[in-house]
Amino acid sequence: MIILNILPLFIAISIIVYFFFFSKASSKQIVFYKEEKPKAIAKTKEESQEQIETKPRAEVEKKEEKPKVSFAQRLQKGLSKTRSDIWKRVGNLIGSNKLDDSVVEEIEEILYASDMSPAMVSELIDELQEKSGEEGFNYLKTIKEFMLTKMQDTQSKVNTELYDFSKKGDGLKVIMIVGVNGAGKTTTIGKLATKLKAQGANVVVGACDTFRAAAVEQLEVWCKRAGVEMIRAAEGANPSGVAYETVEKAVAMNADYCLIDTAGRLHTASNLMDELAKTKKVMSKVMPDAPHEVLLVVDAITGQNALRQAQEFHKALNLTGLIFTKCDGSAKAGSAVSIVKDLSVPIAYIGVGETVEDLDIFDLNSYLDALLGMSELAE
Ligand SMILES: Nc1nc2c(ncn2[C@@H]2O[C@H](COP(=O)(O)OP(=O)(O)OP(=O)(O)O)[C@@H](O)[C@H]2O)c(=O)[nH]1
Ligand SMILES: [Mg+2]
């Protein structure tokens, strides 16, 4: 009887207790499912959406922008191979001691590999031997001093009007670019046109490499990008004719600079060298003092042969300057010193890569510091 009386109460309590725990557990599950998991996913999406919408555009772009690399850094990097393969090895052999006869031969071998002329190598070694006995001897300073003396008189002849529009006097400047195949003529013209145009100059380019359609197209890409006019002729046309037309057009347009690209040729091909001389001469019919500059593009990888090339081009065209390209890919930048000294022709520009920013005015001091690793020491 008592059991029968208690039973409903027991059932009722059981039901209440069951519902109380069950609802708590399920609500816990729902909350967990609702609040934790989905929120975590939604949070990420929302956040990224929020970032795109609310971050100022400049800030987003700034994050993507690569840090600007200065030309000094590019030069430093470009010449790192020469520095480590040549000058650091020389330094390791000399140290700060008196130059021992036993290492002279080894140093000689390393210096020949830099493509310095044999006469210059022996002069430098004499200098090092003499100075190494003195107090406070520093082999880098001695080498830098030696190279400065060899190059600075010639380097002071560089015509700044060439690369600095603000320093250019009145009238058109015609610049003819020559060199062996693949030295970097067209690329250099493209870089130059871009730089001069960016300075506000009015530039006209003549595509006088009429041997290959691809050569004209390559130049056209650069000119379009730079926003400068290019004069072209039909494939196989006479390059002299294109040079004549280009200077004529540049005069008519009252242009500031006229850049003449030419086809690459071996310095030993006399008929092609004669043709180049003719192209040069024909420009003077339009403008008596044109071309004002004839620049030889020298691929630094060429090495010792570069001096021979430069001599032949100089004989045929009376060069006014040199452009050293591909200094980033070579350990043989030593030929630069020999050519400048032997030909008395200064280096106007130096190239250390394929982009516009990789070409700049040749500054002897910075070049030697980067070559010898002296700026590294200064840091
Ligand atoms: N690494 C490096 N490559 C360069 C440099 N200058 C030019 N080049 C590359 O060298 C190659 C040849 O360059 P071009 O400008 O076509 O040479 P070119 O003298 O006009 O050649 P031709 O017209 O065939 O005689 C290209 O792939 C250029 O990008 C430089 O300073 N460094
Ligand atoms: Mg070319």
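Helix H14 (residues 364–372) of this predicted model has as its buried residues Tyr 367, Leu 368, Asp 369, Ala 370, Leu 371 and Leu 372. Gly 373 follows H14 and has a positive phi, near 80 degrees. An open sheet of 8 strands with mixed pairing is also present, and 21 residues surround ligand 1.

**Sheet architecture**

- The strand order of the open sheet is S3-S2-S4-S1-S5-S6-S7-S8, and its pairing is mixed.
- Strand S3 (229–231) and strand S8 (359–361) form the edges, each pairing on one side only.
- From one strand to the next, the twist averages 25 degrees.
- Strands of a sheet pair through backbone hydrogen bonds, in either the parallel or the antiparallel sense.

- Strand S1 (residues 173–178) runs parallel to S4 and is joined to it by 5 bridges; Met 176 stands opposite Ile 260 in S4.
- S5 and S6 are paired in the parallel sense over 5 bridges, and Asp 299 stands opposite Thr 325 in S6.
- S6 and S7 run parallel and are joined by 3 bridges; in this region Ile 323 stands opposite Tyr 349 in S7.
- S7 and S8 run antiparallel, with 3 bridges joining them; Leu 359 in S8 is the bridge partner of Gly 351.

**Burial within the strands**

- Strand S7 (residues 347–351) is largely enclosed by the rest of the structure, because 5 of its 5 residues are buried.
- S6 is mostly covered, with 4 of its 5 residues buried.
- Leu 295 belongs to strand S5; it counts as buried because 28 other C-beta atoms lie within 10 Å, and the threshold for that class is 20 or more.
- Asp 299 also has its place in strand S5 and is buried, with 25 other C-beta atoms within 10 Å.
- The C-alpha atoms of Asp 299 and Asn 181 are separated by 9.7 Å, although these residues are 118 apart along the chain.

**Helix H12 and the residue that follows**

- The 13 residues of H12 should span 18 Å at 1.5 Å a residue, and the end C-alpha atoms are 18 Å apart, so the two values agree.
- The buried residues in H12 are Ala 306, Leu 307, Gln 309, Ala 310, Phe 313, His 314 and Leu 317.
- Viewed down the axis of H12, these buried residues fall within an arc of 160 degrees, and they therefore line one face of the helix.
- Asn 318 comes after H12 and has a positive phi, near 55 degrees.
- Asn 318 is located in the loop between helix H12 (305–317) and strand S6 (321–325).
- Asn 318 is exposed because it has 11 other C-beta atoms within 10 Å, where the exposed class requires 12 or fewer.
- Between the C-alpha atoms of Asn 318 and Leu 295, which are 23 residues apart along the chain, the separation is 9.5 Å.

**Backbone geometry in other loops**

- Most residues other than glycine have a negative phi, and most peptide bonds are trans.
- Asn 254, a residue other than glycine, has a positive phi near 60 degrees.
- Asn 254 occupies the loop between helix H10 (239–252) and strand S4 (257–261), and this residue is exposed, with 9 other C-beta atoms within 10 Å.
- A cis peptide bond links Ala 290 to Pro 291, with omega near -5 degrees.
- Pro 291 is situated in the loop between helix H11 (270–283) and strand S5 (293–299).

**Surroundings of ligand 1**

- The shell around ligand 1 holds 21 residues, of which Gly 184, Thr 186, Thr 187, Gly 264 and Gly 351 are the closest.
- Helix H8 (residues 185–198) supplies the largest share of this shell, namely 3 residues.
- By class, the shell around ligand 1 comprises 4 nonpolar, 11 polar and 6 charged residues.

Methods
Residues are numbered from 1 along each chain as its sequence is written. Chains are lettered from A and ligands numbered from 1 in the order in which they are written. This is a predicted model: local features need pLDDT of at least 70, side-chain atom pairs count only at pLDDT 80 or more; totals for chains, interfaces and linings use all residues. A residue is near a molecule or strand if its C-beta atom, placed from the backbone, lies within 6 Å of it. Helices (H or I, at least four residues) and strands (E, at least two) are DSSP runs, numbered from the N terminus. Ala, Val, Leu, Ile, Met, Phe, Trp, Tyr, Cys and Pro count as nonpolar, Asp, Glu, Lys and Arg as charged, and the others, Gly among them, as polar. The expected span of a helix is 1.5 Å times one less than its number of residues. The arc is that of the directions from the helix axis to the C-beta atoms. Two strands pair if DSSP finds at least two bridges between them. Axes are lines fitted to C-alpha atoms, for helices over the stretch in contact, and angles run from 0 to 180 degrees between N-to-C directions.
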